[in-house]
Amino acid sequence: MPIPEDVTGDEIDKDVRQELQSLPKTLAEDVAKNLVMVARLIDEDPEGAYGYSRVALRLASRVAAVREAAGFAAYANQKYAEALAEFRAARRMTGTVELWPVMADCERGLGRPEKALDMAGAPEVQKLDKAGQVEMRLVAAGARRDMGQLDAAIVTLQSPELASSSVQPWTARLRYAYADALLAAGREREAREWFAKAVEADRDGSTDASDRLAELDGVEFVDALDDSEEVDGAEGEAKDDSASAEGGDRD
C-alpha cells in the first residue's frame, strides 16, 4: 500500500522504535511507516488502517508492537476473533497485562459476555493501572448489559472513580456509560444528571453526551432548509385540503 511522502517512520513511539531495532534497518523503516499509517487512520478510516496493519504484520510478525497494532486495527473493524488472536500473541511476547480489558471486550464482540466477566474477576485485573481497571469495569458493565442484567451493570459502574469530582482521561466515558445504563433502566432523571456530568468532563468530544442531554431535554436541532421545506410542504397540503373541501362542497 502507498505511503504518503510526509511519513518518515520517525513519528512512532520510542519504545516501538526500540522494538524494531531487532530488524534490518530498511525493513525496520518500512514497518515503522506502516505502523504510523495505522495510527493515523484507525479512527477516521479503520479499513485503511487495517490494510496497513496487514502489511506490517507480513513484514514483522514477530514484533509485539506489530501484533498489537494489528489487533487494534482488526478490533476497529469489528474483526473480534482476529483481534483477540493478535492481542494474545502480543501478550505472550511481552508478558504484560495492558491488553486484558480489550481482550475481554473482544469476547463480548464474539457473543461471549460470560467469558468477559470471568476475565473481569481474574487476578490480572489487579496488575492493571487505574486507567486499565476503569476500562475493565466498563467492559464488565457492558457484559452485564449484554446478558440483560441492567441493575448489575449499574452497580458495576458505581465506583470511587465515578464518584470522584476530579476529571481524568476516563471520566467522561465512565459517566456516560453510567448515564446510559440508568436511562436503559428507566431512571431518566438520574440519567439526565449523569449525562450532564459527562458533558462537563468531555473536553475533547469523545462522547455524544451533549446530544443525549439535549434529547432528554426535548431540544431538537432542525436544519433551516429542512424547516422551510416543511413550511412550504405544509402550505401546499393546506391548499390541497382547501381545494378538496371546495370540491366536496360543490358535490
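1. Confidence. The mean pLDDT of the protein chain is 89, and 87% of its residues reach 70 or more. pLDDT is the predictor's confidence in each residue, from 0 to 100. This is a predicted model: local features need pLDDT of at least 70, side-chain atom pairs count only at pLDDT 80 or more, and totals for chains, interfaces and linings use all residues. Residues are numbered from 1 along each chain as its sequence is written, and side-chain values use heavy atoms, with hydrogens and water left out.

2. A stretch to treat separately. Over residues 237-251, pLDDT stays under 50.

3. Overall make-up. The protein chain has 14 helices and 0 strands. Both are DSSP runs, numbered from the N terminus: helices are H or I, at least four residues, and strands are E, at least two. Of contacts with a separation of 6 or more, 53% join residues 24 or more positions apart.

4. Burial and surface. Of 251 residues, 39% count as buried. Buried means under 20% relative accessible area (1.4 Å probe, protein chains only). The accessible surface of the protein chain is about 14600 Å², by the Shrake-Rupley method with a 1.4 Å probe. Carbon and sulfur atoms hold 46% of that surface.

5. Helix α6. This helix spans residues 100-109 and is mostly covered, with 8 of its 10 residues buried. They are W100, P101, V102, M103, A104, D105, C106 and E107. Their cover includes α4 (64-76), α5 (80-94), α7 (113-120) and α8 (130-146). Just after α6, G111 takes a positive phi of about 80°.

Definitions and conventions: Contact means heavy atoms within 4.5 Å. Buried means under 20% relative accessible area, exposed over 50%, partly exposed in between (1.4 Å probe, protein chains only).
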